[in-house]
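Me: I would like to go through this structure slowly and ask, at each step, what stands behind the words used for it.

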Amino acid sequence: AIAGLVARARGLTIDADEVMIVTSTQAALDLIATVLPPGSTIIVEDPGYIFADSAFTRRDHRIVPAPVDRDGLDVAAARSLEPSPALILTTPSAQFPTGRSLSPERRAALLDWANETQAWVVDDEFDAPFRFDGERPSLPLRRDDPHGRVITVTSFNRLLFNSLRLGLMIVPDTLREP
């Protein structure tokens, strides 16, 4: 049912076994942090979701804040700060807190960089389906990812109600087992 909903609402064609149910976005980040090698370097947006860091710092991963501008995450700046991260955490559809979408050029640069370095990209779909300016929501980053490097994370809390505590991850084949 969730795979069907994701296909209709976000344009992602996925199999049901790619969906992992979690209690929240934070729980998804905690789970992702456990499968990374100890001491991994994580790129996070600055400014960004302030609670994201805690999932990774609890497991002794190194956080590298990268700047955000009108085109979203500055991929070139992030790359200069850390050329080979293990994971890049981004909110490309509606950057938190700016609300900006990652530009098409930056989306391509991010996915190329992730493929080149074998980094994982977490697409936190915070507010992704919502638009208040009349624009259509941008597509999930996973749609542009031919190499299977994107983990999509979202929750139903904004769609239904906060106390529901139901989220999901769409996980690439290579990460399903771990």
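**Reading the model with its definitions**

Reply: This is a predicted model, and across the protein chain the mean pLDDT is 86, with 89% of the residues reaching 70 or more. Confidence is lowest in helix 1 (residues 2-10), where the mean is 80, and highest in helix 4 (residues 75-81), at 97.

Me: How many helices and strands are there in the protein chain, and what pattern do they follow along the sequence?

Reply: The protein chain has six helices and eight strands, and read along the sequence they follow the pattern α-β-α-β-α-β-β-α-β-α-β-β-β-α.

Me: What makes strand 3 and strand 4 a pair?

Reply: Two strands pair if at least two bridges are found between them, and strand 3 (residues 62-69) and strand 4 are joined over two bridges, in the antiparallel sense, so by the definition they pair. In this region D69 stands opposite G72 in strand 4.

Me: Why are strand 1 and strand 4 said to stand at the edges?

Reply: The open sheet has eight strands in the order 1-8-7-6-5-2-3-4, with mixed pairing. Strand 1 (19-22) and strand 4 (72-73) each have a single partner strand, so one side of each is left without a neighbour in the sheet. Helix 2 packs on this sheet, touching strand 1, strand 5, strand 6, strand 7 and strand 8 (167-170), and its direction makes about 150° with that of strand 7.

Me: Which residues of helix 2 are buried, and what is the cut-off for that word?

Reply: T25, Q26, A28, L29, I32 and A33 are buried, which means that each has under 20% relative accessible area. They cover an arc of only 155° around the axis, which puts them on the same side of helix 2. What covers them includes strand 1, helix 3, strand 5, strand 6, strand 7 and strand 8.

Me: What is L87 in contact with, leaving aside its neighbours within four places in sequence?

Reply: The contacts of L87 beyond those neighbours are I32, L36, T41, I42, I43, F56, A119, W120 and V122.

Note on methods
Residues are numbered from 1 along each chain as its sequence is written. This is a predicted model: local features need pLDDT of at least 70, side-chain atom pairs count only at pLDDT 80 or more; totals for chains, interfaces and linings use all residues. Side-chain values use heavy atoms; hydrogens and water are left out. Contact means heavy atoms within 4.5 Å. Helices (H or I, at least four residues) and strands (E, at least two) are DSSP runs, numbered from the N terminus. Axes are lines fitted to C-alpha atoms, for helices over the stretch in contact, and angles run from 0 to 180 degrees between N-to-C directions. pLDDT is the predictor's confidence in each residue, from 0 to 100. Buried means under 20% relative accessible area, exposed over 50%, partly exposed in between (1.4 Å probe, protein chains only). The arc is that of the directions from the helix axis to the C-beta atoms.
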